[in-house]
Amino acid sequence: NQVMLSGFAMVINKMGTRVRPYLPQIGGTIKWRLNNKDARVRQQSADLISRIAKVMQDCQEEQLMCHMGVVLYEYLGEEYP
């Protein structure tokens, strides 16, 4: 799974600003994965956010970045049984 994460992040970073039309869908998928019960899936989603944050900034998607920050903060410390 780490290979898939690295590969996806690399594709996003190489596409740069051309990925802008797809960022809302990518953000929705990341939010969906952050809501998963498996801690590894949530960790991968948080790692992906950190790896593509520069691209989101370059695409001037500050609103999406702020929303991701709020989502991460809300899930901070939340534990599943």
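Colleague: Leaving aside its neighbours within four places in sequence, which residues is Gln44 in contact with?
Modeller: This is a predicted model, and in it Gln44 has its place in helix H3, which covers residues 39–58. One of its partners is Arg33, and the side chains of these two residues are joined by a polar contact of 2.9 Å. Once the neighbours within four places in sequence are set aside, the residues in contact with Gln44 are Asn1, Gln2, Leu5 and Arg33.

Colleague: Does Gln44 count as buried or exposed?
Modeller: The reasoning rests on a cut-off, since a residue is called buried when its relative accessible area is under 20%. The relative accessibility of Gln44 is 15%, so this residue counts as buried.

Colleague: Where is Leu5 found, and which residues is Leu5 in contact with, leaving aside its neighbours within four places in sequence?
Modeller: Leu5 is found in helix H1, which runs over residues 2–15, and with a relative accessibility of 8% Leu5 counts as buried. Although Leu5 and Leu48 stand 43 residues apart along the chain, their C-alpha atoms are separated by 6.8 Å. Leaving aside the neighbours within four places in sequence, the contacts of Leu5 are Gln44, Asp47, Leu48 and Arg51.

Colleague: What do the buried residues of H3 pack against?
Modeller: The buried residues of H3 are Val41, Arg42, Gln44, Ser45, Leu48, Ile49, Ile52, Val55 and Met56. One of them, Ser45, is buried with a relative accessible area of 2%, and, leaving aside its neighbours within four places in sequence, Ser45 is in contact with Ile30, Arg33 and Leu34. As a group, the buried residues of H3 pack against H1, helix H2 (23–34) and H4.

Colleague: Why do the buried residues of H4 line one face of the helix?
Modeller: The 14 residues of H4 should span 20 Å at 1.5 Å a residue, and this agrees with its end C-alpha atoms, which are 20 Å apart. Its buried residues are Leu64, Met68 and Val71. Seen down the axis of H4, these buried residues line one face because they fall within an arc of 60°.

Colleague: Which exposed residues are carried by the face of H4 turned away from its buried side?
Modeller: On the buried side, the cover over the buried residues of H4 includes H2 and H3. The face turned away from that side carries exposed residues, and these are Gln63, Cys66, Tyr73 and Glu74.

Colleague: How many Å apart in space are Leu72 and Ser45, C-alpha to C-alpha?
Modeller: Leu72 is found in helix H4, whereas Ser45 is found in helix H3. With a relative accessibility of 30%, Leu72 counts as partly exposed, and its contacts, leaving aside neighbours within four places in sequence, are Leu34, Ala46 and Ile49. Leu72 and Ser45 are 27 residues apart in sequence, and their separation in space, C-alpha to C-alpha, is 9.8 Å.

Colleague: How many disulfides does the count come to?
Modeller: A disulfide is a covalent bond between the sulfur atoms of two cysteines, and here the sulfur atoms must lie within 2.5 Å of each other to be counted. The cysteine sulfur closest to that of Cys59 is in Cys66, and at 15 Å it is too far for a bond. Cys59 counts as buried because its relative accessibility is 3%, whereas Cys66, at 53%, counts as exposed. The number of disulfides counted by this rule is 0.

Key:
Residues are numbered from 1 along each chain as its sequence is written. This is a predicted model: local features need pLDDT of at least 70, side-chain atom pairs count only at pLDDT 80 or more; totals for chains, interfaces and linings use all residues. Side-chain values use heavy atoms; hydrogens and water are left out. Helices (H or I, at least four residues) and strands (E, at least two) are DSSP runs, numbered from the N terminus. Buried means under 20% relative accessible area, exposed over 50%, partly exposed in between (1.4 Å probe, protein chains only). A polar contact is a pair of N or O atoms within 3.5 Å; within protein, one must be able to donate a hydrogen and the other to accept it, and residues adjacent in sequence count only if both atoms are side-chain atoms. Contact means heavy atoms within 4.5 Å. The expected span of a helix is 1.5 Å times one less than its number of residues. The arc is that of the directions from the helix axis to the C-beta atoms.
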